[in-house]
Amino acid sequence: MEKLVVEAQPRERKGKNAARQLRRAGRLPAVIYGGKQESLAVSVEPRAVERIMYSEAGHNTVFTLEVKGKGKTPAMVRDWQMEPVKGSLLHVDFLRVALDERLRVKVPMHTRGEAKGVKQEGGILEVIHREVEVECLPTDIPEEFVVDVSELGINQSIRANDLPIDASKLRLLTDANQVLVHVVMPRAVEEEKPAEEVVVEEGAAEPEVISKGKAEKAEGEAEEASTEGEKK
Amino acid sequence: MLMPKKIKYRKQQRGRLRGKAWRGSRLAFGDYGLKALGSGRLTSREIEAARIAITRYMKRGGKLWIRIFPDRPFTKKPAETRMGKGKGPVEGWVAAVRAGRILFEVEGLTLAEAQKALSLAAHKLCLRSTFIRRGPFDA
């Protein structure tokens, strides 16, 4: 985990014009902050960030950030911005990490197995929270929490305090009673609904106008009269 | 059919849809989703048709989230009416959708099932859309 090295170059010019030029040149604008030091605008290779994000620990990976002329520092990806349509990276925030200081991180939670309530009783496994917030040293950050859901029946759930957390290393920050995964019965929607809705549509149910006063009523009446007039 | 319960004004001007959907463009609830690739207006009928297509295919198997809501009224003048005499009556409701917006999300289905369900829904919509799945950037 520690062996990953990301090279960064300081950015002199700031603002969207410079950032767009950088992106066109194949670089990714980024910022480094934290660690009781000044923030620093840099640019990195987008591939390097993708490699970190697609690694096993994902955004919780602690890597070495080497800024040209400024030295090395252990860092983490703290935040990122994506282009909404293509999904490419636009900007990344790096957090300087002190290896001897505890920090708050969100660890992904994954399920394992097929729930009994889904397999035998026809329920739906619903994942309420996909991440759990914990406090720990950067070296103790777990890659993920895996929850075995195979014994979950209908209306049964797994809460945050059911996670296998090593209390000597990690402190759970998410509410211990918070439901993470549960199995629920699917709501009966289906076939009859379209027929009902057609009736509603034909009734031309208009929403209530909140500020409906005298003026609007009068206007409405006038309008109806005018449309009738037009038809004639 | 989806429509608001209460509104402040009965009729709206059409306006324009510029830019991309900077909000509502990441998966928030489910594992798979349908993302709009273009901007436009989706009527409540289209949304309802897509919803029915997905729920019929899912057969109670998964969970569906509709991430758009048709809160903009559109009006239409009656047939064979002369111009003028004011704006026509409200004909229906549309959701203003910008490129990148997540339209539907599903959970509790396999990848193949989700692809099929959302593809059926995509055929009901007047915008180009694409299937997306949860990745490391959706945390």
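1. Domains of chain A. In this predicted model, chain A is divided into domain 1 (5-98) and domain 2 (104-184), with bounds that come from an automatic or database domain assignment. The centres of domain 1 of chain A and domain 2 of chain A, taken over C-alpha atoms, are 30 Å apart. Across the boundary, seven residues of domain 1 of chain A are in contact with six residues of domain 2 of chain A; contact requires C-beta atoms, placed from the backbone, within 7 Å. On the domain 1 side, the touching residues are four nonpolar, two polar and one charged. Here Ala, Val, Leu, Ile, Met, Phe, Trp, Tyr, Cys and Pro count as nonpolar, Asp, Glu, Lys and Arg as charged, and the others, Gly among them, as polar.

2. Conventions and confidence. Residues are numbered from 1 along each chain as its sequence is written, and chains are lettered from A and ligands numbered from 1 in the order in which they are written. As the model is predicted, local features need pLDDT of at least 70 and side-chain atom pairs count only at pLDDT 80 or more, while totals for chains, interfaces and linings use all residues. The predictor assigns the complex an ipTM of 0.86 and a pTM of 0.84. Chain B has a mean pLDDT of 94, with 99% of its residues at 70 or more; pLDDT is the predictor's confidence in each residue, from 0 to 100.

3. Layout of chain B. Chain B contains two helices and eight strands, in the sequence order β-β-β-α-β-β-β-β-α-β. Helices (H or I, at least four residues) and strands (E, at least two) are DSSP runs, numbered from the N terminus. The C-alpha trace of chain B spans about 55 × 30 × 25 Å along its principal axes. Of the 139 residues in chain B, 33% are buried. A residue is buried if 20 or more other C-beta atoms lie within 10 Å of its own, exposed if 12 or fewer, and partly exposed in between, with C-beta atoms placed from the backbone.

4. Helix H1 of chain B. H1(B) has 15 residues and reaches 21 Å from its first C-alpha to its last, close to the 21 Å expected at 1.5 Å a residue; the expected span is 1.5 Å times one less than the number of residues. Its buried residues are Ile47(B), Ala50(B), Ile54(B), Thr55(B) and Met58(B). They lie on the same side of H1(B), because their arc around the axis is only 125 degrees, taken from the directions from the helix axis to the C-beta atoms. Their cover includes strand S3 (40-43), strand S4 (63-66) and strand S6 (90-97) of chain B, along with S7 and H2. Lys59(B), which follows H1(B), has a positive phi, near 50 degrees.

5. Helix H2 of chain B. The buried residues of H2(B) are Ala114(B), Ala117(B), Leu118(B) and Ala121(B). Their arc covers only 90 degrees around the axis, so they are on the same side of H2(B). Among the elements covering them are strand S2 (32-36), helix H1 (44-58), strand S7 (102-107) and strand S8 (129-133) of chain B.

6. Positive phi in two loops. Most residues other than glycine have a negative phi. Lys36(A), not a glycine, has a positive phi of about 55 degrees. Lys36(A) sits in the loop between strand S2 (28-34) and strand S3 (37-44) of chain A, and is exposed, with 6 other C-beta atoms within 10 Å. Glu80(B), also not a glycine, has a positive phi of about 55 degrees. Glu80(B) is in the loop between strand S5 (72-75) and S6 of chain B, and counts as exposed with 7 C-beta neighbours inside 10 Å.

Technical notes:
Contact = placed C-beta atoms within 7 Å.
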